[in-house]
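Here is a quick briefing to read with the model open on your screen. Take it topic by topic and click along as you go.

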Amino acid sequence: MNIRFFFAVISLVMALTASASVEFTGLTRELYDTVPERSTGINHIYVIYDTNGVGMTYTADTDNPVTWYTFDQSTIGSPQEITVEHDGRLTTLNQVLPNVGYIIEEGTSRLYLWLVDYSDYRFSLNSVNVASDGDCGSTTLNIDGFGPEIPYCTLTGVRKVINRDIKIKYNNLVWSLDEGEGEEEIEPEWVERPMTDSLASLRPAVALPAPTTNTTFTVCGDRFLRFWGEEVCVESNEYYTAAIDVRCVITQTSEKHDNEIKTGSEGTLGGSAPCTITFAAYCTDAVMHREWQMSNDYNFSTLDLRLNQEVVEQLFEDAGTTYWRFYATNADGTCEYYSDIYTVSIGESELICPNVFTPGSSEGVNDIWKVSYRSIIDFHCTIFNRWGNVITELKHPSEGWDGKYKGKLVPAGVYFYVINAKGSDGKNYKLSGDINIIRYKRVDHGGGDDPVVSHE
């Protein structure tokens, strides 16, 4: 073969690959055929259960001469021509050579193959044991068996490895909200799920993320024995987890009213008092000590509150900023968990009283008298007419007066309010003032012009 021409063909990644294929004789198990990445230049990798007594034939598409070559990583630059039997367009190699590449040249077309004798790499397992290192982040499997790398060579001389897809199976805890699909509401919880990792070849020690639940590890292999229905598996001893994990879900319950002055930004905790925040921590199996911690210092140099429970429902009525986090450990304290820091900011109080509204004039437009407020935790408002008669009482800053007395609109004019309130910052409000009711009426002069609006 012209070596210079051979490399030129390789650089073209074999656009002129022969359409003909090979067949095998003497197989004791079904042929395992895989197509590697196109960049390797190899058309097929064939894995044969045992190549002893196995022959390979090639039937040409044309009457062009057919020549066979073998190559490996050391001879890729000078493939070796081999002798085959010719019978018209049929060429035969009575005994294949294992673990080498083949080039079958038909005129200017070429077929590139790699043959693996699986009996040289047969997968076997004796035992699997879990190292008892008590690591918080990882665990080690010690595997006694045989399953080395199965190499092959690309047309540019690069050594590649066939993935044996050796399975490692075990159970682990999965956070339910990470699994959620669709629009249905999912309960936050840890759910035990089967896990599977894959190895390209067998190693005596395999490091895995430490499961957060007690489990066993099962090693099974490999893809070829699986294909032939002869997969072998070995189960480990029981693994008792020391690793921990926690997920925190924070929810805020606060009254939303259109006259409440907004504070903070969307997604922040706190705002206008009073509000209730629920801090919920969901712990994995090995968590033994757990507590919610609160500090007035972001760095938690002092702990102002410690609550030994997973769920805390806290009412916030005082202005200021506090910091919250969850802390957990396993039984002997070797594995620790600190959550993110959650900042709760309650704004200072504010109370603003309007003095004009227009009930009965235009529905939905300035027809309710309400204060504007923030962080008011106690409130009482009494509204009087000019003769000192009580028209209505309001016991929450979100409440308003619709301008009615005993179900009927009161006359336009001046009314008065007295407010006693307390803010989250301890500020006491004693407010009084007038409320002016203006009633607009529509006067239609006809003629299609817009009506004139006057007021009383």
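This is a predicted model: local features need pLDDT of at least 70, side-chain atom pairs count only at pLDDT 80 or more; totals for chains, interfaces and linings use all residues.

Residues are numbered from 1 along each chain as its sequence is written, and side-chain values use heavy atoms, with hydrogens and water left out.

**Cysteines**

- Searching the whole structure turns up two disulfides (a disulfide being a pair of cysteine sulfur atoms within 2.5 Å).
- One of them joins Cys 136 to Cys 335, with 1.9 Å between the sulfur atoms. That pair links distant parts of the chain, 199 residues apart: Cys 136 sits in the loop between β11 (124-130) and β12 (138-146), and Cys 335 in the loop between β26 (320-329) and β27 (336-338). Strands here are DSSP runs of E, at least two residues, and helices are runs of H or I, at least four residues, numbered from the N terminus.
- The link of Cys 136 and Cys 335 is left-handed, with -100° about the S-S bond.
- Cys 335 is buried at 2% relative accessible area, while Cys 136 is partly exposed at 31%. The cut-offs: buried means under 20% relative accessible area, exposed over 50%, and partly exposed in between (1.4 Å probe, protein chains only).
- Cys 220 and Cys 233 make a disulfide too, their sulfur atoms 2.0 Å apart. Cys 220 belongs to strand β18 (residues 218-221) and Cys 233 to strand β19 (residues 232-235), so the bond ties together parts 13 residues apart in sequence.
- The S-S torsion of Cys 220 and Cys 233 is about 120°, so this disulfide is right-handed.
- Cys 220 is buried, at 3%, and Cys 233 is partly exposed, at 43%.

**A five-stranded sheet**

- Five strands make an open, mixed sheet in the order β30-β37-β36-β32-β33. β30 (356-357) and β33 (390-394) are at the edges with a single partner strand each, so one side of each has no neighbour in the sheet.
- β36 (residues 413-423) pairs with β37 (residues 428-437) in the antiparallel sense over 10 bridges; to count as paired, two strands need at least two DSSP bridges between them.
- Val 414 stands opposite Asn 436 in β37.

**Asn 259**

- Look for Asn 259 in the loop between β20 (246-254) and β21 (269-271). Asn 259 is buried, with a relative accessible area of 8%.
- The Asn 259 side chain reaches the backbone oxygen of Val 371 at 2.8 Å.

**Salt bridges**

- The count is 14 salt bridges, each being a side-chain nitrogen of Lys or Arg within 4 Å of a carboxyl oxygen of Asp or Glu.
- Asp 63 and Arg 89 meet in one of them, at 3.0 Å from N to O. Asp 63 is exposed at 66%, whereas Arg 89 is partly exposed at 37%.
- Asp 165 bridges to Lys 167, with the closest N and O atoms 3.0 Å apart, and to Arg 226 at 3.3 Å.
- Asp 165 is buried at 18%; Lys 167 is partly exposed at 22%, and Arg 226 is partly exposed at 27%.
- Asp 165, Lys 167 and Arg 226 are linked with Glu 231 in a network of salt bridges.

Terms used
A polar contact is a pair of N or O atoms within 3.5 Å; within protein, one must be able to donate a hydrogen and the other to accept it, and residues adjacent in sequence count only if both atoms are side-chain atoms.
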